[in-house]
Amino acid sequence: MNDDRPVLLETRGTCMHLTLNRPRALNALSHTMVRLLDEALARAEQDDAIHSVLLSGAGDRGLCAGGDIRALHDDARASGRASLEFWRDEYRLNARIARFPKPYVALMDGIVMGGGVGVSAHAGIRVVTERSRVAMPETAIGFVPDVGGTRLLAAAPGELGTHLALTGRSVGAAEAILCGLADHHVPVRLLPALTEALREPTGPTGPGASVADIVQGFATDPPAGDLAAQRDWIDDCYAADTVEDIVRKLRASGVPAAQTVADELLTKSPLALKVTLAAVRRAAGLDSLEAVLDQEFRVSSRAFEHPDFVEGVRARIIDKDNAPQWKPGSLAEVDDQEVARFFAPLGPGEQELALAPGPADTSAWDGQDEQGGQGG
């Protein structure tokens, strides 16, 4: 009989194994799943008998395709508030994972997008496979990268993170490791043995081996990727101050791949593109994941209210006509003050996430720190 619990928990030896268990929905995260994961990690943190945590996804299509987009869309259409409470708990979970004091191994096999990145890429040990596809694809649906994704992308080498944030493109194992989203490549065929080694007191390196040693014992070189070879034009074009300048530099580069990217960017929400560029560059100047999550909560709250989110989900996910009617419809029409509003303190009756100590007001930002580019 199939177990229909959305998160499966099994403790074997000293390892707590958590499995996201909505395979038909690509293990998309619900609020219930977020709460179950947080409760399990809180328990594991305090239990001296638990030495490590392993996260995997049910089925063979992916660890997690992100949050439940249809539920978020329906809530936004109804002017609800449930999505904000979902994000509040989800971002707190992301922070807990990043600060988890015991080895936390995430098996990032298959599709890992959006919220799936949040529950895996902040882990201490992150494993990808030859079929991994890792992405923060939010700009395509009128949204902005969140779950700490802007911090991860800001820390990628050169301007690779800006490229991935704006385009929403997915990357394979080699690129995920290059961009700092993963640590090790393990072939799919070895995942069952790796899982058993982590769930048992012995591994291929012998009894008493550390979790890191066990994973390293299964790791191999990933299949070659092509992102590293594109660094020259990516770093040059995405160092521009604005999205418009980035598009112009892509067009003027003379590189066919850059021309394709320029066309691709112009299919995304113009407002989401501009807010995303600002969010990634601001994240590079913030001193903690918690501060970034506080910023992302403000941005998500504003994006949730904007019609581009509902329209983007309609066009890409529900009707699948791939013809969203963005408002505004062009980059030139996006007002700088509207972009700044996404980062302003939340208004009366709204509660800040407030994970980071001290004030988190970045509303005085004037756009000049866009010139700082990405962290290395």
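User: Is Phe-309 buried or exposed?
Analyst: In this predicted model, Phe-309 is buried, with a relative accessible area of 1%. The cut-off for buried is under 20%.

User: And Phe-143, buried or exposed?
Analyst: Phe-143 is buried, at a relative accessible area of 5%.

User: What about Trp-87 and Phe-304, buried or exposed?
Analyst: Trp-87 is buried, with a relative accessible area of 2%. Phe-304 is buried as well, at 6%.

User: What do Phe-143 and Phe-309 form?
Analyst: They form an aromatic pair of the tilted kind, with 5.2 Å from centre to centre and 45 degrees between the planes.

User: Where do those two lie?
Analyst: Phe-143 is in the loop between β8 (133-135) and α5 (149-154), while Phe-309 is in helix α15 (residues 307-318), so their pair ties together parts 166 residues apart in sequence.

User: Which residues make up the aromatic cluster?
Analyst: Trp-87, Phe-143, Phe-304 and Phe-309 form one cluster.

User: How many aromatic pairs does the structure hold?
Analyst: Six. One of them joins Trp-87 and Phe-304, whose ring centres are 5.6 Å apart with planes at 85 degrees, so that pair is edge-to-face.

User: Why does the pair of Trp-87 and Phe-304 tie together parts that are apart in sequence?
Analyst: Because Trp-87 belongs to helix α3 (residues 82-98) and Phe-304 to helix α14 (residues 289-305), parts that are 217 residues apart in sequence.

User: Switching to charges. What sits over the ring of Phe-343?
Analyst: The charged end of Arg-282, 3.8 Å from the ring centre.

User: And which residue lies over the face of Phe-342?
Analyst: Arg-341, at 5.8 Å from the centre of that ring.

Notes
Residues numbered from 1 in each chain as written. Predicted model: local features only at pLDDT ≥ 70, side-chain atom pairs only at ≥ 80, totals over all residues. Heavy atoms only, no water. Phe/Tyr/Trp six-rings, centres within 6.5 Å; stacked < 30°, edge-to-face > 60°. Helix = DSSP H or I, 4+ residues; strand = E, 2+ residues; numbered from the N terminus. Buried < 20%, exposed > 50% of the residue type's maximum accessible area, 1.4 Å probe, protein only. Lys NZ or Arg CZ within 6 Å of the ring centre and 35° of its normal.
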